[in-house]
Amino acid sequence: MSVPKHTSDFLVKRFLNQNREIIKNKLPINDPSTQRARDAKKKILMKKAKEYLPYRLEYLAKLYGYQFNICRLTHANTRWGSCSSNKTISLNIGLMNIPEVLRDYVIIHELAHLNHMDHSDAFWSEVGIHDPNYREHRKKLKMFNPGV
Ligand SMILES: [Zn+2]
């Protein structure tokens, strides 16, 4: 039995044509140019964040009478900020991509954690003193993703 010489090429081509959309959708994950673009975007965001977030944190801390230890910038995918028991406040550089009022809510939220390391009623009422619309801001924040 003989098989035409170009059968395998033909099959490969047909497979590629039939699955072009699927393949195209899968490629960018490992595409180095996409990765490079993402890295460049992150670098720009980090620069913007460095020039803004530590100063905004300091400003709001002074305004509302809080004392924190260190401000760290992060790019975690799941959280906008955190506050540790040694008074280190971490802020996600993705905050630079959301409206200022929500950014301030996150900072106020983390500052309030300096006095309450939980999400108790006492914690929320302290957040409410500095951001009376915190409920609305908290809800709106869920429409954004902290991942960069
Ligand atoms: Zn919290």
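The legends below describe close-up views of a predicted model. Local features are reported only at pLDDT of at least 70 and side-chain atom pairs only at pLDDT 80 or more, whereas totals for chains, interfaces and linings use all residues. Residue numbers start from 1 along each chain as its sequence is written.

**View 1. Pairing of the strands.** Helices (H or I, at least four residues) and strands (E, at least two) are DSSP runs numbered from the N terminus, and two strands pair if DSSP finds at least two bridges between them. Strand 1 (residues 70-74) runs parallel to strand 3 (residues 88-92), with 5 bridges joining them; here R72 stands opposite S90. Strand 2 (residues 81-83) is antiparallel to strand 3 and is joined to it by 3 bridges, with C83 opposite I89.

**View 2. The hairpin of strand 2 and strand 3.** The hairpin has 4 residues between its strands, and K87 takes a positive phi near 65°.

**View 3. Helix 5 and its neighbours.** Among the buried residues of helix 5 are R103, Y105 and H109; a buried residue has 20 or more other C-beta atoms, placed from the backbone, within 10 Å of its own. The buried residues of this helix pack against helix 4 (53-64), strand 2, strand 3, helix 6 (121-130) and helix 7 (134-141).

**View 4. Contacts of L95.** Residues are in contact if their C-beta atoms, placed from the backbone, lie within 7 Å. Leaving out residues up to four places away in sequence, L95 touches L53, W80, R103 and V106.

Terms used
A residue is buried if 20 or more other C-beta atoms lie within 10 Å of its own, exposed if 12 or fewer, and partly exposed in between; C-beta atoms are placed from the backbone. Two residues are in contact if their C-beta atoms, placed from the backbone, lie within 7 Å.
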